[in-house]
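User: I'm new to this one. Can you walk me through it?
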Amino acid sequence: MNPFLEVAVEAAREAGEILLAEFDQPAKISYKGEVDLVTEADRRSEQAIVARLRNHFPKHTIVAEESSWQATAPAPDATQGAMLRYCWYVDPLDGTTNFAHGYPCFAVSIALAENIAAAGIYPGTARSPLPEDLLVGVVYNPFSGELFTGARGEGAFLNQKKIQVSSIERLATSLLCTGFPSVKRTENPNIHYYWDFTLRSHGVRRDGSAALDLAAVACGRFEGFWEFGLKPWDTAAGVLLVREAGGMATDFTGRPYRLGGPELMASNKHIHAEMQEVAADIAERAPQRLG
């Protein structure tokens, strides 16, 4: 197994054990904002992942959700760019709201990206989105035991069996998925997209975990996914899985998706052009701010 992927899988499984141990216990919840919650399980899971990654790759940068973009490697300067050749993106509990409510749709998401420093762009700066090459990705649902893995040029797998995107060719017969933010809800236009895509497809699901949604596109359960304002740790692993399974991930105009970009559209390729057309039509009609 790819050595980076092997460590990522070990970290995801360790974190998954922590989440399962906490899942049946009363959730210890705090809030990063009015409705953006974080559990003790988030923190413990992240600590375990970061410790393992740091032990194996002490010179790699790690950007984790609860670390608020603080790299755990020393801050770079003009002479230290090589230090940031590799950067890990970690979501220790994607689907925290589901987890806190006892809904078993949550995952650990871990991905490795390369070539940050080559572009002169560093984690945590305002110069996002980041033009990075994704190397490995892991999405693990400890409740179901489903482990999605992928490595650049090596394909995508579910529990060690190779997966590929759906072969459905029409939006009308496709099942889609999306998500909505927990913060700044009145500024998010997605309800308009949800309405139109629901009418023009076989249906739209909203399960509350972007990582699992993207993994589901990769294995053919969904034909397409779209969402706004996702963070790099939400999407890095899932985007790699989709691409390695034969799908594509772009912004709404069709340009390759970059981590931290304002919008993401992922699909099985076959319906991508249709999804873009629908999104463009909605954008012309839908206000950008709700409420």
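Analyst: One term to start with: two strands pair if DSSP finds at least two bridges between them. Keep in mind that this is a predicted model. Strand 6 (residues 133–141) and strand 7 (residues 146–151) pair over six bridges, in the antiparallel sense. Y140 has L147 in strand 7 as its bridge partner.

User: What is the strand order in the open sheet of seven strands?
Analyst: The order is 3-4-5-6-7-8-9, and the pairing is mixed. At the edges are strand 3 (61–64) and strand 9 (161–163), each pairing on one side only. From one strand to the next, the twist averages 20 degrees.

User: How many bridges join strand 5 to strand 6?
Analyst: Seven, and the two strands run antiparallel. E114 stands opposite D133 in strand 6. Strand 4 and strand 5 also pair over seven bridges, in the antiparallel sense. There, D94 has A107 of strand 5 as its bridge partner.

User: Is strand 5 enclosed or open?
Analyst: Eight of the eight residues of strand 5 are buried, so the strand is largely enclosed by the rest of the structure. A107, S109, A111 and A113 point one way. V108, I110, L112 and E114 point the other way. In general, side chains in a regular strand alternate between the two faces of the sheet.

User: Which strands does helix 1 lie across?
Analyst: Helix 1 (residues 3–23) lies across strand 4 (86–94), strand 5 (107–114), strand 6 and strand 7. Helix 1 runs at about 30 degrees to strand 6. Helix 5 packs on the sheet too, touching strand 4, strand 5, strand 6, strand 7 and strand 9. The direction of helix 5 makes about 105 degrees with that of strand 6.

User: At what angle do helix 5 and helix 6 cross?
Analyst: Roughly 0 degrees, and the axes of helix 5 (residues 210–218) and helix 6 (residues 232–244) come within 8 Å. That makes helix 5 roughly parallel to helix 6. On the helix 5 side, the contact is made by A210, A211, L214, A215, V217 and A218. On the helix 6 side, D234, T235, G238, V239, L241 and V242 take part. The residues of this contact divide into nine nonpolar, two polar and one charged.

User: New topic. How many of the residues of strand 12 are buried?
Analyst: Five of five, for strand 12 (residues 224–228), which is mostly covered. G224, W226 and F228 point one way, while F225 and E227 point the other.

User: What does strand 12 pair with?
Analyst: Strand 12 and strand 10 (residues 175–178) pair in the parallel sense over three bridges. T178 has W226 of strand 12 as its bridge partner. Strand 12 and strand 14 (residues 263–267) pair in the antiparallel sense over five bridges. F228 stands opposite E263 in strand 14.

User: Last one: how many disulfides?
Analyst: Zero, counting pairs of cysteine sulfur atoms within 2.5 Å.

User: And C87, buried or exposed?
Analyst: C87 counts as buried, at 0% relative accessibility. C177 counts as buried at 0% relative accessibility.

Methods: Residues are numbered from 1 along each chain as its sequence is written. This is a predicted model: local features need pLDDT of at least 70, side-chain atom pairs count only at pLDDT 80 or more; totals for chains, interfaces and linings use all residues. Side-chain values use heavy atoms; hydrogens and water are left out. Axes are lines fitted to C-alpha atoms, for helices over the stretch in contact, and angles run from 0 to 180 degrees between N-to-C directions. Helices (H or I, at least four residues) and strands (E, at least two) are DSSP runs, numbered from the N terminus. Angles under 35 degrees count as roughly parallel, over 145 as roughly antiparallel, 65 to 115 as roughly perpendicular and the rest as oblique. Contact means heavy atoms within 4.5 Å. Ala, Val, Leu, Ile, Met, Phe, Trp, Tyr, Cys and Pro count as nonpolar, Asp, Glu, Lys and Arg as charged, and the others, Gly among them, as polar. Buried means under 20% relative accessible area, exposed over 50%, partly exposed in between (1.4 Å probe, protein chains only).
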